[in-house]
Every structure is written in structure tokens, then in C-alpha cells.
Amino acid sequence: MEFDNGKKNHNCTFRELKLVSFVALCLILISPAEAFDPLDPTGNVTIRWDIMSWTSDGYMATVTLFNFQLYRNIMSPGWTLGWTWAKKEIIWAMMGAQATEQGDCAKFKLKIPHSCKRSPQVVDLLPGASFNMQYTNCCKGGVLTSWGQDPSGAIAAFQMGVGLSGRTNKTVKLPQDFKLLGPGAGYSCGPAKRVPSTVILTDDRRRKAQALMSWNVTCTYSQFLASKNPSCCVSLSTFYNDQVTACPACACGCQNNATCVTKDSKILKEAENNKTRKSDIMTLTPKPLLQCTRHLCPVRVHWHIKDNYKDYWRVKIAIINFNYRMNYTEWGLVVQHPNLNNVTQVYSFEYMPLLPYQAINDTGMFYGLKYYNDLLMEAGAKGNVQSEVLMKKDKNTFTLKQGWAFPRRVYFNGDECMLPPPDSYPFLPNSADRLPKSVVTMVAYVIFASFFIWL
């Protein structure tokens, strides 16, 4: 199996790919654990429900969400948490969050509950909420960073008063049918399970308070549940070949072909005029408005092999947004490559190795620098972020042949991106090592510049 002339036998590669695909399909069909993630086998969102005190007809509860996923965040417009009451409970009041619907509270005359819905849906408050409505770890618009990226930003909490529920551990019934949107579909939640009462430090951290009753709900993510198609793709280029390997055609499904727009579309100009409507931007999930491209993906990741030194080699990574209605807050990029075990420097992104299996260090997470490029803007002139990665060579394994220098897997915001087929990778010309360095450098810059206009 060689890529240096583009024509040698690839049967070994295709046989391996077929075997991997077959095994993956079998696991999906026979295993109930559809949400298992090999790069984050223990990742989940845990919902902890603590009863802190009893009231005249119910209890006061603190509900906390922990995003224990290593690299998958919950971006704007944020999480939505729903459940179904076991009896006829109501929510009297809330701090740090709000129910999206009040429901029918006509039978209450004096004090009107916050929500009378049998199956309420709760969302986080927006930044800048009034002080008397705030609660610890609230008011981030539902945005949660991944646990690997920033544990302090991976927690959300709210407090609520529940009525008509019972006033003892024996009479309170656990809610059922929990649902989590983050912000879209993809999460499946198990049943609520009683756990030992949570012990909580007071604000001065000198006293431990204990919940009267606690239960947990665990939610896991599956890309298969979120969408039947990928949401991103990968393109490739090198300094030693003028070929740019584009994303596969219709990599994210051709169903977007009828609704995509060109750069000079009238629909796009109308969208620009509607940007001032904050309700569309902050509280709703906007319908995608994609730029017409060959791949029809909202996001494209480009991997460019830029330089090859004696002891090091350099890669340039760019992420391009093709969605005119989506800003990606707290974005994250995960790459699997064997040389990520020896990263020397990352220039414009933050970097953290992912070690789900301690003996293997071939996967890492890139994310934006705070207040610099942690927001991937909507499609357009500013709709991209980029960085360079310098890696030290392992002389026993490093090669530019056989596609070794390209990534094995790429994930954007927790979803796996579609890679081009191996036989389309830029191949290594036999005369590459005889090219003058000035020519090689010039070609590298030309190739990298060209992918921004590749459709």
C-alpha cells in the first residue's frame, strides 16, 4: 500500500476499512449502548436533584447539571431539560432558570404557580438576569463547556419550589421520562435513581450541609440520534503536491441542496437585515442557512501539511463555517493522529491531550483562546479560525508516504467529521525531495490560500 505515486495497490486499506465498518455496524445492532464513545467512554451529562428542605406542600430542590464529557460542549442557545411528574406536582417558583410554559393554573386563586405543566421544560436564564433571579452557576444562556476544556464552566444549577408532591422521603415520587436537548437532539437519559444524600459545603466552606433526599439522572450522547448525516467534513492539502483533496460530494447529505444560498443571494441579504432581532439569535435555534458548496456541510476542517524540517514538522489547521445563521460558541476540535504524542507547540489554539486509555496518547482537543478566537463566527469573511501545530518527529514512525501525516479521525463540537477516501489523498511525488526549498515554500502558501475559495 503506497501513496507516493497514487496508483499502487490499496486493497489492504479498503479491506481494513470494510472490516472496521462491519464491526462498528455489528456493535450498533447488537449493543443497547448506542451512545458509547470510544474517545470518551465515561462521558455523560449527570443531573443531580437534591431536596434541601420541606415546605407546607412539597419541597425546595436544587437541580445541578454536570457536563462530564471530555470534549463535547453544549453551545448557544443552550440546554433544555424536561421531565414528567409522577403525580400532580407543580412548580411554585424558580431561581436560576425558568420553565418555558406556565400551563393551565386556573384552579389556583391566590398564588399562581410558576408552572403547572405535567411535563415541564426548563431552560437557563440569559446573562444579565436580574440579581434576585440568579442562582449559583446559572445565567449562561444554557452554554456548558466540556469538562476537559473548563470544569468550572461545565456546571449549571437552579433552585425550585415544588408543590403537591408530598413532604417526606416516602411520599415524594421521583420524576420520570427525563429529556435533555443540548441544544438539539442526541441525548438519551436513563431513569432517575436514588443515591446517597449529597453533602454540600456552605458558602464560607466551614460547614457541611446534607440534602434530605437525592437522585441522579445520567444522559449520554449519540451522533446517530442527533442526525443521520455528518455535520462537518475534512479537506486536505500539502506543501509537496498542488492537489487539494476536497470534502466528499454531499458529505453532509444532499437534502440541503434545495435550501442553500450563494454569496450574492437575496435571501442572504435579508438575513443580514434580520440580525438585529435578538429573539431569533438568543432564544431560538435558527434554521440553518448554508452556503452552497460541493460538500453541503455547515463546517469544514482543513488539514494542511505546511513544512517538513529535520526534527520537526508543521501542520496548519483551519475551521471554516458555512452556516450564515450560526455562531459556534466555545467550539472544540478533536483530532486523532499518532504524532500528537509529541506536540511541541500550538500557536493560536489551546491544546489538551485526551487520554481515555492512559497507555495511548494519539488524540488531542483544540479549542479557542478565551476572548480571542473561542467564537467561530457565522459564514463570511470572519467565519474561520486557524492555527499551526509543530510536532517533533519520531524517526521510527514518521513518513510522508501512505497518507500517514493525515488525521485518522476528526471531530468538531463532538460530532465526527467525514474524511475523504484514502485513495484521494495528496500523494508524494517521487521528485519531492529534489525540489528547491524556495519552490516548496511558495507552493505551500499558494495551496493553503486556495482552499478558502474551494467549494
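A salt bridge is a side-chain nitrogen of Lys or Arg within 4 Å of a carboxyl oxygen of Asp or Glu. In the predicted model shown here, the side chains of R72 and D37 meet this description, with a distance of 3.5 Å from N to O. R72 belongs to the loop between strand 2 (58–67) and strand 3 (80–84), while D37 sits in the loop between helix 1 (11–30) and strand 1 (45–54), so the pair ties together parts that are 35 residues apart in sequence. Both R72 and D37 are buried.

Strand 1 and strand 2 are joined by a hairpin through three residues, and they pair in the antiparallel sense over nine bridges. Within this pairing, W54 has Y59 of strand 2 as its bridge partner. Strand 2 also pairs with strand 7 (residues 155–163), again in the antiparallel sense and over nine bridges; here V63 has F158 of strand 7 as its bridge partner. Nine of the ten residues of strand 2 are buried, so this strand is largely enclosed by the rest of the structure.

Most residues other than glycine have a negative phi, and most peptide bonds are trans. In the loop between strand 2 and strand 3, where P77 is placed, the peptide bond from S76 to P77 is cis, with omega near 10°. Another cis peptide bond joins G182 and P183, with omega about -10°; P183 is found in the loop between strand 8 (176–181) and strand 9 (187–189). As for phi, N137 has a positive value of about 65° although it is not a glycine. N137 lies in the loop between strand 6 (121–124) and strand 7, and it is partly exposed, with a relative accessible area of 32%. Q402, likewise a residue other than glycine, has a positive phi near 60°. The place of Q402 is in the loop between strand 24 (384–392) and strand 25 (409–412), and at 35% relative accessibility Q402 counts as partly exposed.

Attention now turns to the interior. In soluble globular proteins, nonpolar side chains tend to be buried together. The largest nonpolar core of this model has 38 residues, of which W303, I305, W313, W331, L333, F366 and F412 touch the most other members. Elements that give two or more residues to this core include strand 16 (299–308), strand 17 (312–321), strand 19 (332–336) and strand 21. Apart from this core lies another, of 32 residues, among them L81, L144, A156 and V217. Returning to I305, its contacts beyond four places in sequence include F239, Y240, W313, R314, L400 and F406.

K306 and E388 meet in a salt bridge through their side chains, at 2.5 Å from N to O. This pair links distant parts of the chain, with K306 in strand 16 and E388 in strand 24, 82 residues apart. Both K306 and E388 are buried. The side chains of D307 and R314 form a further salt bridge, at 3.8 Å from N to O, and D307 and R314 are both buried as well. Through shared partners, salt bridges join K306, D307, R314, K316 and E388 into one network.

The pairing of strand 21 with strand 22 is antiparallel and runs over six bridges, and M352 stands opposite M365 in strand 22.

Y357 is partly exposed, with a relative accessible area of 39%. Together with F36 and I360, Y357 forms a nonpolar patch on the surface, and the three residues have about 310 Å² of accessible area together.

Technical notes: Residues numbered from 1 in each chain as written. Predicted model: local features only at pLDDT ≥ 70, side-chain atom pairs only at ≥ 80, totals over all residues. Heavy atoms only, no water. Patch = residues over 30% accessible without salt bridge, like charges linked within 9 Å, V, L, I, M, F, W, Y side chains within 5 Å. Areas by Shrake-Rupley, 256 points an atom, 1.4 Å probe, with all protein chains shown as cover. Buried < 20%, exposed > 50% of the residue type's maximum accessible area, 1.4 Å probe, protein only. Pairing = 2+ DSSP bridges. Helix = DSSP H or I, 4+ residues; strand = E, 2+ residues; numbered from the N terminus. Core = buried A, V, L, I, M, F, W, Y, C linked by side-chain atoms within 4.5 Å. Contact = heavy atoms within 4.5 Å.
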